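Let's take a walk through a protein model together.

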Amino acid sequence: MPQVRPKVVLLKHTPNPEQVVALAAKLCYSDADIMDLKEGVEEKDVSKFIARLVSMGHLSPIEHASFTFGIEGVSRSLLAQITRHRIASFSVKSQRYVAANKKGAFNYVIPPSIEALGEEYVEKFKKQMDEIQGWYDEWQLLLGGDCEKSNEDARFVLPNAAETKMVVTMNARELMHFFELRCCNRAQWEIRDVAWQMLALVCEVAPTLFAGCGPSCVKGPCSEGKMSCGKMLEVREKRKNLK
């Protein structure tokens, strides 16, 4: 079925991320040898130290922990948003090298607002996607068939709804910034969905490091001012119950 929904998996991350961050931070305040520091960190519970580090705003050591995600079932519209986070690395499925009819038809994302209108409008959206598929197929054929040269120009008729897939790597400090912006109810629904999935995944492997992460209202006042969604208590409850 061409319709898809956002899905995120944590592919890889820095081994023992909280220990790595603790080691880097302790180095700033110690004249001990690095291997001695490493041994000391491995022997202790570093959760309290990490919590204090974050509360102090000493965030540069946090950059030593990185996390790599696989993201699929998202639109090209989301791609335009997530790549604005420049302290990150992206590898994205190409519409030039991978034809949009490789499996018969391109996958696409249907916005929840359209689904909320009812099945009649969902079917209307799907028919429009089918029509666009026909346009793509026609241009691809006219431009030379399934090859790089035809794909690169036939893709111009594809919609923002067309699915893309990507691998994204961010360090922990950038993730904190990402969660503050993109877990907010003021963020667009699709990237907000992805951000909350990413937050749940990193909390499993580095719970202390990401303990207070989420939109600004999770641990303080809303940063949106007059544009606030007014649902601070609901957001805090969602963060509290995050699995």
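Predicted model: local features only at pLDDT ≥ 70, side-chain atom pairs only at ≥ 80, totals over all residues.

Now back to our pair of helices. Two packed helices are described by the angle between their axes and the distance between the axes. Helix H1 covers residues 17–27 and helix H3 covers residues 47–56; they pack at an angle of about 65 degrees, and their axes are 10 Å apart. Here the axes are lines fitted to C-alpha atoms, for helices over the stretch in contact, and angles run from 0 to 180 degrees between N-to-C directions. From H1, the residues Glu18, Val21, Ala22, Ala25 and Lys26 meet Phe49, Ile50 and Leu53 of H3. Contact means heavy atoms within 4.5 Å. The residues of this contact of H1 with H3 divide into six nonpolar, two charged and no polar. In this grouping Ala, Val, Leu, Ile, Met, Phe, Trp, Tyr, Cys and Pro count as nonpolar, Asp, Glu, Lys and Arg as charged, and the others, Gly among them, as polar.

Let's step back to the chain as a whole. Its secondary structure comes to ten helices and four strands, and along the sequence these follow the pattern β-α-α-α-β-α-β-α-α-α-β-α-α-α. Helices (H or I, at least four residues) and strands (E, at least two) are DSSP runs, numbered from the N terminus. The C-alpha trace spans about 70 × 40 × 25 Å along its principal axes. Of the 243 residues in the protein chain, 41% are buried; buried means under 20% relative accessible area, exposed over 50%, and partly exposed in between (1.4 Å probe, protein chains only). Among contacts between residues at least 6 apart in sequence, 75% join residues at least 24 apart.

In the segment before strand S1 (7–13) you will find glutamine 3, which counts as buried because its relative accessibility is 15%. The side chain of glutamine 3 makes a polar contact with the side chain of glutamate 115 at 2.9 Å. A polar contact is a pair of N or O atoms within 3.5 Å; within protein, one must be able to donate a hydrogen and the other to accept it, and residues adjacent in sequence count only if both atoms are side-chain atoms.

Threonine 68 sits in strand S2 (residues 66–75) and is buried, because its relative accessibility is 18%. Not counting residues up to four places away in sequence, threonine 68 touches Val9, Leu10, Leu11, Lys12, Val167, Val168 and Thr169. Phenylalanine 90 belongs to strand S3 (residues 88–92) and is partly exposed, with a relative accessible area of 25%. Leaving aside neighbours within four places in sequence, phenylalanine 90 is in contact with Ile82, Thr83, His85, Val167 and Val168.

Next comes helix H8 (residues 172–182), whose buried residues are Ala172, Glu174, Leu175, Met176, Phe178, Phe179 and Arg182. They pack against H3, S2, helix H4 (76–82), strand S4 (163–171) and helix H9 (189–205). At the start of H8, a side-chain oxygen of asparagine 171 reaches to within 3.0 Å of the backbone nitrogen of arginine 173.

Finally, let's visit some loops. Asparagine 16, in the loop between S1 and H1, has a phi near 45 degrees, a positive value in a residue other than glycine. Leucine 59 lies in the loop between H3 and S2, and its C-alpha atom is separated by 9.4 Å from that of valine 21, 38 residues apart along the chain. Lysine 219 is in the loop between H9 and helix H10 (232–240) and counts as exposed because its relative accessibility is 64%.

Technical notes: Residues numbered from 1 in each chain as written. Heavy atoms only, no water.
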